[in-house]
Amino acid sequence: MALDKATVARIAALARIRLDEAELEPLAAEMSHILRWVEQLGEVDTSSVAPMSSAAATGLPMREDEITDGNCEDAILGNAPRTERGFFAVPKVVE
Amino acid sequence: MSRLTALTLAEARDGLRAKRFSARELAEAYIAAMEAARPLNAYITETPERALAMATQSDERRARGAARPLDGIPIAVKDVFCTKGVLTTAASHILNGFHPPYESTVTQRLWAAGAIMLGKTNLDEFAMGSSNTTSHYGPVFNPWKKPGDNRPLVPGGSSGGSAAAVAAHAALAATGTDTGGSIRQPASYCGIVGLKPSYGRCSRWGVVAYASSLDHPGPLARTVEDAAILLGAIAGYDPKDSTSASLPVPDYEAALSGDVRGLRIGVPREYRADGMPAEIERLWEQGVEWLREAGAEPIEVSLPMTRYALPAYYIIAPAEASSNLARYDGVRFGLRVPGDSLEEMYELTRAAGFGPEVKRRILMGTYVLSAGYYDAYYLKAQRVRALIARDFAAAFERVDCLLTPTVPSAAFAIGENMDDPIAMYLNDVFTVPANLAGLPALSVPAGLSADGLPLGLQVIGRAFDEATVLRVGEVLETAAGFTHRPVETMIDGR
């Protein structure tokens, strides 16, 4: 599969990464190169095997649904680029 | 007094116990070594004040008879482990100024055992790389050079700062993480020991995530014994990591019996890759011979899916990375580049914060997970992953562990392998399969290349059988008698 510039631009928008027009062509070439290489997996017959998502042996463990942490607003907000009155602050999203 | 930084972790521990020197003296020696090694760029953040404060507390504990297993041992921490109140960067600009409000489980266990933090080591950005050249904080230099050739070499990656610091004796040992070889490959390039434990053996809580189903925290050390001691300190169940294994942790140091008689050592024929340098093949054969002489039984085995491990990895790892790295949005921590809208702020922040290799992997991951391609790429890779795990399971019905080379080459020069991403990815051809299957794997320095650079051999074991892996590794280490050091003695911190 060869990726064109438009596809790279669409993926970059999905990934929320701004790319310059000049970056699209080299990225399309590099990603196409990598995709052609990974497509050798098509040689493998996987019709009788289930996908493996993890090497962890068991399903996710359950715990009681109870509060185990909290009351640490300062720690949570301490690294935020901008805060206002105990909240993360971002550019306005509603006109 | 003999040079304190020349001691192994086990020797330093014994010296501290016998009160031949204090934790403070040891910490001071390492702080001097860390400063002398600055040209290597192995550390992003040095924490000498914290090291001295911790050393003073350590000496006080020992004075009142309350010393702990690793009391006074100076350790370097790969800068993907969150350390409370200490800058944690993952070598990325996007984590600019991030001071975690909590401590990772692995480092918490080290400090609880009495160890001392020297600083945070450099790495490839978000642990994505095999050369430690993608760090926002600049490349790390391998303390080794080819004799008669002054060109700087890569330390390997992504735990390149940890490996360079340990090899240069600017840390007694270090933590690392290994997603596709990031502990073992730099260990091989720097002539030290690196252990990727089983998936679930060491908690990932507080470790900056790259690919969650493949990330394995583990130790880098000077000797197999040192790695065994460190693994014992950091391993164990952690309820904060939902994939942590609830299994007892054996005494790894006691498992180093030196006796491998009767052990069946698998030699996978598919690792005899086309174009493997003759010296790597010779070293591998030598390793098989060493184990045979020690009474083990080499058996040829087949892992037919080996050649598909790397392409499967380069679908699965970017897919998981694209999801994990979605959290870097300029809202809650790290870098923010202002924008007129929320959307624009996200896009500008991520454009400025991530380097080229990280962007490429996020984009690849986004693509293979996108509608219409999910089954063809992502699910296909996960099915191949299952077949790779099945290959190992079949082999381990016949053998107790596997012996392979760690890497198909010795360290390369900074700037090499940069034009073609796949050429760089091929460094991980022997290490990636153990990540996909979650198996413990150890790299032991076993010899020098014709160019005078270190080469490692890899021992892969059954899941959660680190004890056998370490036992076999120590026998290889003894047989190899690898006592070579990097040529630059100025980095020894005298």
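Mentor: Chain A has three helices and two strands in its secondary structure. Read from the N terminus, these elements follow the order α-α-α-β-β. Keep in mind that this is a predicted model.

Start with the overall form of chain A. Its radius of gyration is 22 Å, whereas a compact globule of 95 residues would have one near 12 Å. Along the principal axes, the C-alpha trace of chain A spans about 55 × 45 × 25 Å. Of the 95 residues in chain A, 16% are buried.

Chain B gives another picture. A compact globule with 494 residues would have a radius of gyration near 23 Å, and the 21 Å of chain B agrees with that. Its C-alpha atoms fill a box of roughly 65 × 55 × 50 Å along the principal axes. Buried residues account for 62% of the 494 residues of chain B. Chain B contains 15 helices and eleven strands. Take the contacts in chain B between residues at least 6 apart in sequence: 78% of them join residues at least 24 apart.

Now put the two chains together. In the contact between them, 38 residues of chain A meet 52 residues of chain B. On the side of chain A that touches chain B, α1 (5-14) and α2 (21-38) each supply at least two residues. The largest share of that side comes from α2(A), with seven residues. By type, the residues on that side of chain A are 28 nonpolar, seven polar and three charged.

Look next at the helix α1(A). Its buried residues are A:Val8, A:Ile11 and A:Ala12. Viewed down the axis of α1(A), these buried residues fall within an arc of 100 degrees, so they line one face of the helix. The cover over the buried residues of α1(A) includes α2 of chain A and α11 (356-369) of chain B. Just after α1(A) comes A:Arg16, which takes a positive phi of about 55 degrees.

From there, go on to helix α2 of chain A, where A:Glu21 lies. A:Glu21 has 8 C-beta neighbours inside 10 Å, so A:Glu21 counts as exposed. A:Glu21 and A:Val44 are 23 residues apart along the chain, and their C-alpha atoms are separated by 37 Å.

Finally, consider the interior. In soluble globular proteins, nonpolar side chains tend to be buried together. Here the largest nonpolar core has 179 residues, and B:Ile75, B:Ile116, B:Ala165 and B:Ala171 are those with the most contacts inside it. Helix α9 (residues 309-324) of chain B gives the most to this core, ten residues. Leaving aside residues up to four places away in sequence, B:Ile75 touches several residues, including B:Leu110, B:Ile116, B:Met117, B:Ala171 and B:Leu172.

Helix α10 (residues 342-353) of chain B has twelve residues, which at 1.5 Å a residue should span 16 Å, and its end C-alpha atoms are 16 Å apart, in agreement. Among the buried residues of α10(B) are B:Met345, B:Tyr346 and B:Leu348, and also B:Glu347 and B:Arg350.

Notes: Residues are numbered from 1 along each chain as its sequence is written. Chains are lettered from A and ligands numbered from 1 in the order in which they are written. This is a predicted model: local features need pLDDT of at least 70, side-chain atom pairs count only at pLDDT 80 or more; totals for chains, interfaces and linings use all residues. Two residues are in contact if their C-beta atoms, placed from the backbone, lie within 7 Å. Helices (H or I, at least four residues) and strands (E, at least two) are DSSP runs, numbered from the N terminus. Ala, Val, Leu, Ile, Met, Phe, Trp, Tyr, Cys and Pro count as nonpolar, Asp, Glu, Lys and Arg as charged, and the others, Gly among them, as polar. A nonpolar core is a set of buried Ala, Val, Leu, Ile, Met, Phe, Trp, Tyr and Cys residues joined through C-beta atoms within 7 Å. A residue is buried if 20 or more other C-beta atoms lie within 10 Å of its own, exposed if 12 or fewer, and partly exposed in between; C-beta atoms are placed from the backbone. The radius of gyration is taken over C-alpha atoms; the globule rule is 2.2 Å times the number of residues to the power 0.38. The expected span of a helix is 1.5 Å times one less than its number of residues. The arc is that of the directions from the helix axis to the C-beta atoms.
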